[in-house]
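Subject: Structure for your review

Dear colleague,

Please find below the structure that I am handing over to you. My notes on what was found in it follow.

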Amino acid sequence: MAVESTTRRVTKRRVRTRANLLDAAFAVFAAKGFGRVSIEEVCEAAGYSRGAFYSNFDSLDELFFALYQQRADLIAEQVSGALALDGPGLDVPAAVDRVTEVLLLDRDWLLVKTDFLVYAARAPEVARTLLEHRARLRRAIADRLSRARGHTELPAVLRDAEGAAHAVVAAYDGVTVQLLLDRDVERARVWLKQLLTALLTDGSDTTV
């Protein structure tokens, strides 16, 4: 029983240590960029030794990968949840409001995500993870739009729910690039709402 209790404490402590390292790494990566960060800087920000780092991660690359996966999974879950709140029909303006609030998390996340995109562009095995995340987002959107067929009409130019999902993600990509440059979160949120409403309706209801 004593051994079991000790094991549980060690496990909980390790989970907490890993979570703290990921949180610290997120702040450091956002501030300096992935290629300019050392293991020592992450450890210092988290308040741990290199030994604590290596008991959880083999390398800075592995930590960066884990950080991206954690945040990307959270966003996909939030988008799915935001789209699941309506009934059979889809209240497009309301759904757009909810999804926009989820997608435009913060500029720090966009900086880290952009670093991961550049990293993935040079590493095919990493690119697969990024592509899987984007496909998961599109599936969440396409599945919801498909369930609304017969209740909510999509513009014919998008062809189907999958086409609409691709358009939504592309609009998000474009708006977030502008956000990284001008730092205007509120304007980015307004612009994304207008774009998504225009994409998913006939474009006549763009009031936000």
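**Cavities**

The second largest cavity is lined by Val79, Val99, Leu103, Leu137, Ile141, Val168, Val169 and Tyr172. This is a predicted model, in which local features need pLDDT of at least 70, side-chain atom pairs count only at pLDDT 80 or more, and totals for chains, interfaces and linings use all residues. Residues are numbered from 1 along each chain as its sequence is written, and side-chain values use heavy atoms, with hydrogens and water left out.

A cavity is a set of points on a 1 Å grid over the protein atoms alone where a 1.4 Å probe fits but cannot get out, and its lining residues have an atom within 4 Å of a point. Grid points are joined across faces, edges and corners, and a volume is the space filled by probe spheres set on the points.

The second largest cavity holds about 40 Å³ of space. Helix H8 (161-182) is one of the elements that supply at least two residues each to its lining, and H8 gives the most, with three residues. (Helices are DSSP runs of H or I, at least four residues, numbered from the N terminus.) The lining has eight nonpolar, no polar and no charged residues; Ala, Val, Leu, Ile, Met, Phe, Trp, Tyr, Cys and Pro count as nonpolar, Asp, Glu, Lys and Arg as charged, and the others, Gly among them, as polar.

The largest cavity has a volume of about 130 Å³. Of the 12 residues that line it, Leu83, Ala95, Val99, Ile141 and Leu200 lie nearest its centre. Helices H5 (92-103), H7 (124-147) and H9 (185-200) each give two or more residues to this lining, with the largest share, four residues, coming from H5. By class, the lining of the largest cavity has 11 nonpolar, no polar and one charged residues.

**Aromatic pairs**

The whole structure contains 12 aromatic pairs. Rings of Phe, Tyr and Trp (its six-membered ring) pair if their centres lie within 6.5 Å; planes under 30 degrees apart count as stacked, over 60 as edge-to-face and the rest as tilted. Phenylalanine 64 and phenylalanine 116 form a tilted pair, because their ring centres are 5.7 Å apart and their planes are at 50 degrees. Phenylalanine 64 lies in helix H4 (residues 60-83) and phenylalanine 116 in helix H6 (residues 107-121), so this pair ties together parts that are 52 residues apart in sequence. Both phenylalanine 64 and phenylalanine 116 are buried, that is, under 20% relative accessible area with a 1.4 Å probe, protein chains only.

Yours sincerely

Notes
Buried < 20%, exposed > 50% of the residue type's maximum accessible area, 1.4 Å probe, protein only. 1 Å grid on protein atoms, 1.4 Å probe; cavity = no way out; pocket = protein on both sides within 12 Å on 5 of 7 lines; lining within 4 Å.
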